[in-house]
Amino acid sequence: MNELIAVIILIVIFIIFNNLNTKIRRLEKEITDLNYKINKAPAQSEVIQRKASAEETIVPQQLQSHQIVPEEIKNREENEEIPIPVQKDWLAPVFDFLKQNALTIIGIFTLVLGIGYFVKYAIDKNWIGETARAGIGFCTGAGIIIIGHFLRKNYTAFASIITGGGIAVLYFTATIAFREYHLFTQNTAFVITALITAASIILSYYYKSEVLIIFSLIGGFSAPLMISTGQSNYPFLFIYLTLLNIGMLVVSFLQHWKSVGWTAYIFTTAYLFYWTNESTELLSITFYMISYVIFYLFALHDYIKKNILSTSDILILALANFSSVLGLLYIFDTLAYEPPIIFLLIFAAVNSILLFREYGRQNFGVAYSVFAGLITSLITIAIAIQFKTHLITSIWAIETTLLLFIWKKTGHKIFRIFFYILFPLVMIAQIVTWTEYLGTTDFNIIFNPPFITSSFTIVSLMINLYLLRNTGKELQEKVNTFFEDLVTVISYGVIYISFLLELTYHVSEMPWSAIAGIGLLFSIYYLFILLLFRKPLNIRSDVQTALIYLFLFLIILNTSVSTLPIVTAVLTKKLHLSFYLLHLLQWIPFIYVCSRIIPSSEFHKVWISYWILSLTLIISLSCELHHSYVLMVSNDLPHSYEASAHFNILYLPIVWTILASIFIYMGLKKDIQEYNKVGFALIGLMVLKLYGYDVWQMDNISRISAFIALGIILLLSSFAFQRLKNIIRNMVDKKDKNEETTD
């Protein structure tokens, strides 16, 4: 039954193929007829051109006689611009090839599977033995290659894919013959696969087919896996891979095929990393250096011939440097060899030769920037390794800066894409680095692995912020502002957390009130520095306003919530009085922000900002005077409660009255109604507090003193306001009289 179905399928395929063949012949006939008509057309076109030229000689004469040229035509000719060709995306050729040859690729894949299933069916039926099976596989692969050979002139891409399928059949046949049937030894299998690889590379060069050589390289790099027996013979493996890479380098130099080098780099790096992790040996350093030289030469192909560096060249330069550095440092760290930075300095010296070449030629273009960036990155990593930082975090942080720097210099968006991919990994690695603070009590100040690593990240982030801020106009259109803002916010956050963790780690043995106070004071100064350098940092006005709000909130939090436990700790002798004096340093940035930064910002665009600033000043000054009074008149904690109650009842209304008078005075002087409202609201609150609570807690003498003092202050304030109003009224009347006299 199965045989009958197979015969029917073959008959149907034959009928379909016959119909397609008939249609193809018909199309060929139509193309021949069209070619005949096209060849006949030049004779007729010459006649038409003669008539057109005669008409052209008549028309200018007519125009010249009338001296009339349409204005629209003149404007069109003057404003006409030559269209600039749009640069295609670097992945466009790949997608074009896949779209045009998708059916061919699927077809050859299906054919290989069909042959495989047929051989399996024959094996299941015991039609052929193991040797015959291998022979059929080799003959089938050779037959497919021969078919591709005859089709290569008229159907280049199709023939390349067909030939690649034949090479794949040969590889799989050799693998099955060795692993399943044991027809020959491992050495014989390796020789066969090496010969297949060499033959396929020669065919690729002969056919000038980039597609075919990619098939060949994939097969060549996969061959060791196909014939592996589980025993690790890495020297023999990498001798083979080195020869394969040298062949790749020769072919890429002769034919200028970039994809060939990328294919070889991906496979070689994967093999090297696996060998390094599986069996760390000193011998692997040799193959790392050989691979570095091969792929460095591959990346510099266009630079050597044409003195240019394309996007793919820059990428493979950066990847070759950093993948080699990563592997070599891992080997030195595992085997405990010194000094580990020797390879970084060697790679930096290699790049320095090319940098000095560009400098000597006074060529400060893309190549100069790339080599300078690589040298700076390698030396920075060497310093990081010498200080024993966390390797991955430092390398990734420096590489993000290099990617951003190259993107700014070249404008190729692929570097920005890789920056956005690598940046989150740097943040994750940095968080892992911060966990080193937990459970460790013997870190030195500043010179400890977590903070040194954070320092490299901080420097990298600061350079990134500078590069993002100084992006040219031609690149700003390509930048997604959301990602740029997100990177900026995260960068400032990482810098803040890095310093905060280092600071709090070294005061972790102090009382929690001291730790919280130091943390808040640092946070206040950090925001103050951002606001102080808001223009050099190019902080937007809306972000400045948000930072001012946050700054004022921290001032309120520090004076009202954080300082009270500090006062308690000072009274209980857990902290020295000088620690409270340290807390008073918050007033320096607060006064500067209120007097210099807020007036020059857009903070007062919203009316609520006046109330927030006034509330901050009232709470901060009231709490600060309260804490200072308690510390001056109290010797221990019980006496502090009495001093606190006394201040709240007797002195706090006086403080609020003075502040209210100042707010009302400022409101009248600067014509700001919100300050007037704040002042009167504070007076109302103070009067309610005085008559509703305070007077019932005082003795007679204190009550009389409070009323007298309050009355005097209110009368003096009223007198000052009346005098100010008269001064303003006189100024307005004098101005009006001067205007009337002038008229």
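This is a short tour of the model, stop by stop, with a note on what to select at each one.

Before you start, note that this is a predicted model, in which local features need pLDDT of at least 70 and side-chain atom pairs count only at pLDDT 80 or more, while totals for chains, interfaces and linings use all residues. Residues are numbered from 1 along each chain as its sequence is written, and side-chain values use heavy atoms, with hydrogens and water left out.

**Stop 1: the largest cavity**

Select Tyr-265, Thr-268, Thr-269, Leu-272, Tyr-288, Ser-291, Tyr-292, Phe-295, Ala-320, Ser-323 and Ser-324, which line the largest cavity. Helix 9 (258–278), helix 10 (284–299) and helix 12 (311–335) each give two or more residues to this lining. Helices here are DSSP runs of H or I with at least four residues, numbered from the N terminus. The volume of the cavity is about 90 Å³, and a search of the whole structure finds four cavities of 30 Å³ or more. A cavity is a set of points on a 1 Å grid over the protein atoms alone where a 1.4 Å probe fits but cannot get out, and lining residues have an atom within 4 Å of a point. Grid points are joined across faces, edges and corners, and the volume is the space filled by probe spheres set on the points.

The lining divides into six nonpolar, five polar and no charged residues. In this scheme Ala, Val, Leu, Ile, Met, Phe, Trp, Tyr, Cys and Pro are nonpolar, Asp, Glu, Lys and Arg are charged, and the others, Gly among them, are polar.

**Stop 2**

Is Ser-291 buried or exposed? Ser-291 counts as buried, at 9% relative accessibility (buried is under 20% relative accessible area, exposed over 50% and partly exposed in between, with a 1.4 Å probe and protein chains only). A polar atom of the Ser-291 side chain lies 2.9 Å from the backbone oxygen of Phe-287.

Then show Lys-258, which lies over the face of Phe-298, at 5.7 Å from the ring centre (the criterion is NZ of Lys or CZ of Arg within 6 Å of the ring centre and within 35 degrees of the ring normal).

**Stop 3**

The structure holds 29 aromatic pairs. Rings of Phe, Tyr and Trp (its six-membered ring) pair if their centres lie within 6.5 Å; planes under 30 degrees apart are stacked, over 60 edge-to-face and the rest tilted.

Select Phe-419 and Phe-423, both in helix 16 (residues 413–434) and four residues apart, about one turn of the helix. Phe-419 is buried at 0% relative accessible area, and Phe-423 is buried at 4%.

Next, go to Tyr-549 and Phe-603, a tilted pair with 5.0 Å centre to centre and 55 degrees between the planes. Tyr-549 lies in helix 21 (residues 541–571) and Phe-603 in the loop between helix 23 (587–597) and helix 24 (608–633), so the pair ties together parts that are 54 residues apart in sequence. Tyr-549 is partly exposed at 26%, whereas Phe-603 counts as buried at 1%.

**Stop 4: two positive phi angles**

Finish with Asn-307, in the loop between helix 11 (301–306) and helix 12. Asn-307 has a positive phi of about 60 degrees although it is not a glycine.

Conventions. 1 Å grid on protein atoms, 1.4 Å probe; cavity = no way out; pocket = protein on both sides within 12 Å on 5 of 7 lines; lining within 4 Å. Polar contact = N/O pair within 3.5 Å; in protein donor to acceptor, adjacent residues only side chain to side chain.
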